[in-house]
Amino acid sequence: MPEARGWPGEPGIPPAAPAVCNTIFAAPGKPILCLPIRRRGSRLAGRYPLVAEWLVPSATIVIGIFSLPIWVYLLFARGGFWRLRAFNVDRKEIPGPSEWPRVLTIVPARNEAEAIGQAVTSLLQQEYAGEFSVVVVDDHSEDGTAEIAQCTAIENNATDRVTIRKAETLPPSWTGKLWALNQGIGNVVGCPPVFYWFTDADIVHAPDTLRRLVGIAEQNQLDLASLMVLLQAKTLPERALIPPFLYFFLKLYPPRWIADSNARTAGAAGGCILLRNSALELIGGLTAIRDEVIEDCALARHVKRSGGRIWMGLTQKSVSLREYASFQEIRDMIARTAFTQLSYSGPLLSGALAGMFLTYLAPIVLLFMHPTEARLLGLAAWTMMSFSYFPTVRFYRLSPLWTPLLPLAAAFYSYATWVSAVRFWLGRGGRWKGRAQAPRPV
């Protein structure tokens with residue numbers, strides 16, 4: 001007798017067709033309570049197996065079909081963001097201009113007692129042939145930052161080149177760093193400089209940093225040039241999460257697209273920005289971006305929209321002194337601006353988290369799923385992911401064993417992004433140095 005398909009009693013199915021049962025209850029001398037269940041496959045699969053095979057594909061294969069093209073795009077059509085060697089300026093010969101322009105360096109500093117001395121010393125050791133001076137803006141520090149900066153200037157016999165200014169009370173419409181930078185610009189007396197050099201108070205620059213930056217700007221007629229300095233990668237949290245920070249940042253802001261005047265992408269590394277004064281005046285000064293939490297990219301965006309030329313590169317010779325001893329500290333660093341990057345939008349947050357899953361986590365999940373095609377798709381995506389991440393691991397001089405662990409870092413960044421959104425909804429967004437700077441949700 002041929003095997004029956006479907007439910008007993010259905011049209012075309014003999015009443016005596018054997019049923020597959022689930023035993024609910026059985027006792028001696030009593031019949032077994034039996035409920036029929038479907039065989040493997042639905043009625044559609046039973047009657048039209050070929051149709052079901054094509055119309056109901058495996059969900060795992062569908063995920064793989066979405067995930068793999070993402071990596072094809074990232075590798076070949078995202079401006080080559082992962083090829084760090086092309087953006088590293090340390091090995092490039094940069095000719096200087098015939099006449100070195102005047103530069104004013106502005107250092108916003110808030111509670112930077114541990115690093116400000118080394119940072120100011122590195123600025124005073126710059127091998128720059130033009131006129132060069134430094135303004136340290138003390139942004140209401142409580143740890144003696146201003147006093148240490150002043151002592152450093154005295155020790156280097158440079159009190160004529162270093163000015164310490166106390167920032168005025170922060171207005172409600174300004175973020176802290178931009179207000180400090182604006183105070184430094186307001187310290188200019190007489191003829192303004194050709195360039196402003198904005199640099200953080202926790203960065204030690206190589207002696208040739210300013211000379212090379214000005215050379216790049218003058219050679220290419222740039223209005224804004226910035227360098228992504230080398231972040232610390234010594235502790236376990238730093239090794240696991242700081243190289244991915246650079247990787248994700250370059251993916252969002254590919255340097256080739258930044259330098260392309262026809263592309264809309266505009267970005268900058270806020271720790272080291274050289275800005276032409278004429279470009280700053282053209283956008284209306286820092287007042288135009290006074291409430292921006294991601295101030296560096298906002299500045300680059302305004303300069304590029306006004307017709308200015310911008311550029312961003314990498315360096316291993318200028319180093320950030322800021323250390324992250326715990327995963328919590330890195331989480332807070334990410335959470336400060338993650339939701340701001342998404343324009344404080346719930347739908348964009350959902351899309352970003354879904355995108356992170358499809359891009360970084362789905363390939364790993366697929367490795368443990370069926371059918372074989374899904375595993376092959378996952379393996380291909382993971383291989384491409386690791387291949388693109390390896391140059392960043394090498395840039396930080398870490399073991400290649402860190403390369404395949406990018407999905408774990410992506411999961412952490414997704415978690416930190418969610419934390420950023422929750423903090424914004426609670427009115428504590430953009431928190432930095434004791435200040436909540438993101439606009440409070442309505």
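This is a predicted model: local features need pLDDT of at least 70, side-chain atom pairs count only at pLDDT 80 or more; totals for chains, interfaces and linings use all residues.
Residues are numbered from 1 along each chain as its sequence is written, and side-chain values use heavy atoms, with hydrogens and water left out. Helices (H or I, at least four residues) and strands (E, at least two) are DSSP runs, numbered from the N terminus.

**Helices**

- Helix α16 has 20 residues and reaches 29 Å from its first C-alpha to its last, close to the 28 Å expected at 1.5 Å a residue; the expected span is 1.5 Å times one less than the number of residues.
- Of the 20 residues of α16, 14 are buried, so the helix is mostly covered; buried means under 20% relative accessible area, exposed over 50%, and partly exposed in between (1.4 Å probe, protein chains only).
- Ala 416 is found in α16 and counts as buried, at 0% relative accessibility.
- The C-alpha atoms of Ala 416 and Ala 335 are separated by 5.4 Å, although the two residues are 81 residues apart along the chain.
- Helix α8 (residues 236-252) should span 24 Å with its 17 residues, and its end C-alpha atoms are 25 Å apart, which agrees.
- α8 is also mostly covered, with 13 of its 17 residues buried.

**Salt bridges**

- The whole structure holds 14 salt bridges, each being a side-chain nitrogen of Lys or Arg within 4 Å of a carboxyl oxygen of Asp or Glu.
- Asp 202 and Arg 322 meet through their side chains in one of them (2.8 Å, N to O).
- Asp 202 lies in the loop between β6 (195-199) and β7 (203-204) and Arg 322 in the loop between β10 and α12, so this pair ties together parts that are 120 residues apart in sequence.
- Asp 202 is buried, at 7% relative accessibility, whereas Arg 322 is partly exposed, at 21%.
- Glu 112 is linked with Asp 202 and Arg 322 in a network of salt bridges.
- Glu 131 forms a salt bridge with Arg 102, the closest N and O atoms being 3.6 Å apart.
- Glu 131 is exposed, with a relative accessible area of 54%, and Arg 102 is partly exposed, at 25%.

**Charged surface patches**

- Arg 85, Arg 91, Arg 394 and Arg 397 gather in a positive patch on the surface; patch residues have over 30% relative accessible area and no salt bridge, with like charges joined within 9 Å.
- Arg 91 lies in the loop between α3 (59-77) and β3 (103-109) and is exposed, with a relative accessible area of 64%.
- Glu 114, Glu 142, Asp 143, Glu 147 and Glu 323 form a negative surface patch.
- Glu 323 is placed in the loop between β10 (310-320) and α12 (327-335) and is exposed, with a relative accessible area of 57%.

**Positive phi outside glycine**

- Arg 397, a member of the positive patch, has a phi near 55°, a positive value in a residue other than glycine.
- Arg 397 lies in the loop between α15 (372-395) and α16 (406-425) and counts as exposed, at 62% relative accessibility.
- Asn 111 has a positive phi of about 55° although it is not a glycine.
- Asn 111 lies in the loop between β3 and α4 (116-124) and is partly exposed, with a relative accessible area of 25%.

Definitions and conventions: Patches are made of residues with over 30% relative accessible area and no salt bridge: like charges are joined within 9 Å, nonpolar side chains (Val, Leu, Ile, Met, Phe, Trp, Tyr) within 5 Å. Accessible areas come from the Shrake-Rupley method with a 1.4 Å probe; for residues, only the protein chains shown count as cover. Lys and Arg count as positive and Asp and Glu as negative; His and the chain ends are not counted. The place of a charge is taken as NZ of Lys, CZ of Arg, CG of Asp or CD of Glu.
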